[in-house]
Amino acid sequence: MLSLFFLILSIPAVMSSSSQTAAIYPQDPALTIGSTLTATCSVSPDLGLHASSLFWSLNGRRLPSSSYSVLSPTALSVTLPGLPASRQRSGDNLVCHNHGGHVLAGSCLYVGMPPVKPVNLTCWSRNTKDLTCRWAPGGQGEIFIRTKYTLKYKFRWYGRERECEDYSATQPYSCYIPGDLALFTPYEIWVEATNQLGSATSDIITLDILDVVTTDPPSGVCVSRVGDLDDHLTVRWESPPALKDFLFQAKYQIRYRLEDSSDWKVMDDVGNQTSCRLAGLRPGTVYFVQVRCNPVGIYGSRRAGIWSEWSHPTAASTPHSERVLSGSCDSKSGDSNSTLRRELKQFFGWVRKHAYGCSGMSIKLYDQWRVWMQKSHKTRNQVLQGDKS
């Protein structure tokens, strides 16, 4: 508990440009939660007001007279025990009034906690051209008092300390360094948090720009059908152009979803190819596809890269299936259909186990088998429909 008691017999303050009438002391104090504050309102004798005629309000609510003390004919104090956190970051308004309610003087109370050490500081570089860092406030963040966060950085072994200047208005707790960064040289980076009650500093991270590179998303993403196959799509894309002159081994990921679904399915086994086959899809269905890139080992860096953002969704549809058989009263035909579906399911299981994803194993043989099966079913449908007519 912090107890403050101020006895002021006469402290002039400027209430307007033409006269000195009243003042509150302390002016705009910062206090920890639970503190006790005693503030004093002193009025000029020229006003002809006695202290006993004055009253106090906090955030527009009149404070009880039992908390007042008349210190002199021109000074009235109020004691506020166990202060709660400020209701607003701009401070709580403590005001001294005359008997008619006119405002004589005011003060803002900032009640909260000192900052806690910022945590989870991470940084990344877009195409080695810049650096963006993000962090999280420690504890519960800004505890009722506005806290300033400053990102600082310097060369690890030499150089002066510098401050990041471009803080994001839309992404809190982040800052952007637009350029003038050295490669092959480690930096020390940290965040300082300060408010009216104290300061705290994050742990220092050390990094080389080449170890935290991310790229622009892959460009030229194209999704197309695979001949007559009704459950395949081919995805092609181009490597990020900004890194074409860098030595690195890219990794790619693909994700896709149904048009009417929000659930993405991610394929992690794409490797460094710039094309991929999606298998086992639903016939006659629109899919949305996205690709992203991870630049691995730029100029020999031993750290894994950072995944780029996903590319803009590209839509494509699989062909409609022609393998839906018409009903038949011939039990043998039904048995044949059941056997065929069972064999097809078994073959699908084998293919997905041995050739699913972007590996090329047995894909040509599988494509030939599927085309042959679809033609066979189409002929069967035509025969069945001819028998009915």
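**Cysteine links and a surface patch**

Reader: Where does Ile-33 lie?
Author: Happy to start there, keeping in mind that this is a predicted model. Ile-33 sits in the loop between strand 2 (30-32) and strand 3 (37-43). Its relative accessibility is 35%, so Ile-33 counts as partly exposed. Ile-33 also belongs to a nonpolar surface patch, and its place in the chain is the loop between strand 2 and strand 3.

Reader: Which residues form the nonpolar patch on the surface, and what is their accessible area together?
Author: Ile-33 is one of the members, and the others are Met-113 and Phe-144. Together the accessible area of Ile-33, Met-113 and Phe-144 is about 240 Å².

Reader: Is the link of Cys-41 and Cys-96 left-handed or right-handed?
Author: The two are joined by a disulfide, with an S to S distance of 2.2 Å. Cys-41 is in strand 3 and Cys-96 in strand 8 (residues 92-97), 55 residues apart. Both Cys-41 and Cys-96 are buried. The angle about the S-S bond is -80°, and the link is left-handed.

Reader: Is Cys-222 buried, partly exposed or exposed?
Author: Buried would need under 20% relative accessible area, and exposed over 50%. Cys-222 has 39% relative accessibility, so it counts as partly exposed.

Methods:
Residues numbered from 1 in each chain as written. Predicted model: local features only at pLDDT ≥ 70, side-chain atom pairs only at ≥ 80, totals over all residues. Heavy atoms only, no water. Patch = residues over 30% accessible without salt bridge, like charges linked within 9 Å, V, L, I, M, F, W, Y side chains within 5 Å. Areas by Shrake-Rupley, 256 points an atom, 1.4 Å probe, with all protein chains shown as cover. Salt bridge = Lys/Arg side-chain N within 4 Å of Asp/Glu carboxyl O. Helix = DSSP H or I, 4+ residues; strand = E, 2+ residues; numbered from the N terminus. Buried < 20%, exposed > 50% of the residue type's maximum accessible area, 1.4 Å probe, protein only. Disulfide = S-S within 2.5 Å.
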